[in-house]
Amino acid sequence: MAKKLSQPQAVSLQDLVDNLLKHCALPSECAEILEMKLDDVRNYCRRGRFEGAIRFGNEWLIPREAIRQYAEKSRGKPGRPKSDEKQE
């Protein structure tokens, strides 16, 4: 006997955007987190340095996990976040 498929639930566009932004960041937020210039973040996206970053219209969506991984790899390098240092 064939399994009956359930009806898809209606989801608002705002709910989709909110869910997406839980898992992804815009370049401006990424630049703030990593203490980088916005243009550098966009260049990194174009060059594939943030794994999974995708272009959506004229903007990039960067997975938060990719930002975390980049921060871990670049810890202690000039212009990058340092572990547990307080900023003055």
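Buried residues account for 26% of the 88 residues in the protein chain, where buried denotes under 20% relative accessible area, exposed over 50%, and partly exposed the range in between (1.4 Å probe, protein chains only). The model is predicted: local features need pLDDT of at least 70, side-chain atom pairs count only at pLDDT 80 or more, and totals for chains, interfaces and linings use all residues. Residues are numbered from 1 along each chain as its sequence is written, and side-chain values use heavy atoms, with hydrogens and water left out.

The protein chain contains 4 helices and 3 strands, helices (H or I, at least four residues) and strands (E, at least two) being DSSP runs numbered from the N terminus. Read from the N terminus on, the order of the elements is α-β-α-α-β-β-α. Helix α1 spans residues 13-23 and includes L16. Helix α2 covers residues 27-34 and contains L34. Residue L34 is buried, at 0% relative accessibility. The C-alpha atom of L34 lies 9.4 Å from that of S74, although 40 residues separate the two along the chain.

Aromatic contacts were examined next. A pair of aromatic rings is described by the distance of the centres and the angle of the planes. Rings of Phe, Tyr and Trp (its six-membered ring) are taken to pair if their centres lie within 6.5 Å; planes under 30 degrees apart count as stacked, over 60 as edge-to-face and the rest as tilted. The structure holds 3 aromatic pairs. In one of them, the ring centres of Y44 and F50 are 6.0 Å apart and the planes stand at 45 degrees, so this pair is tilted. Both partners are buried: Y44 has a relative accessibility of 11%, and F50 has a relative accessible area of 2%. Y44 also pairs with Y70 in an edge-to-face arrangement, with 5.7 Å from centre to centre and 70 degrees between the planes. Because Y44 belongs to helix α3 (residues 38-47) and Y70 to helix α4, this pair ties together parts that are 26 residues apart in sequence. Y70 is likewise buried, at 7% relative accessibility. Through ring pairs, Y44, F50 and Y70 are linked into a cluster.

The structure also holds 3 salt bridges, each defined as a side-chain nitrogen of Lys or Arg within 4 Å of a carboxyl oxygen of Asp or Glu. R64 lies in helix α4 and E29 in helix α2, so the pair connects parts that are 35 residues apart in sequence. R64 is partly exposed at 28% relative accessibility, and E29 is partly exposed with a relative accessible area of 32%.

A salt bridge is also formed between the side chains of R42 and E59, at 4.0 Å from N to O. This pair links distant parts of the chain, R42 in helix α3 and E59 in strand β3 (residues 59-63), 17 residues apart. R42 has a relative accessible area of 26% and is partly exposed; E59, at 25% relative accessibility, is partly exposed. The side chains of R68 and E65 meet in a salt bridge as well, with 2.4 Å from N to O. R68 and E65 are separated by about one helical turn, because they are 3 residues apart in helix α4. Their relative accessibilities place R68, at 43%, in the partly exposed class, and E65, at 41%, in the partly exposed class.

Surface patches were assigned from residues with over 30% relative accessible area and no salt bridge, like charges being joined within 9 Å and nonpolar side chains (Val, Leu, Ile, Met, Phe, Trp, Tyr) within 5 Å. Accessible areas come from the Shrake-Rupley method with a 1.4 Å probe, and for residues only the protein chains shown count as cover. Lys and Arg count as positive and Asp and Glu as negative, whereas His and the chain ends are not counted; the place of a charge is taken as NZ of Lys, CZ of Arg, CG of Asp or CD of Glu. A positive surface patch comprises R46, R47, R49, R55 and K73. A nonpolar patch on the surface is formed by V11, L13, L16, V17, L21 and L26, which together have about 520 Å² of accessible area.
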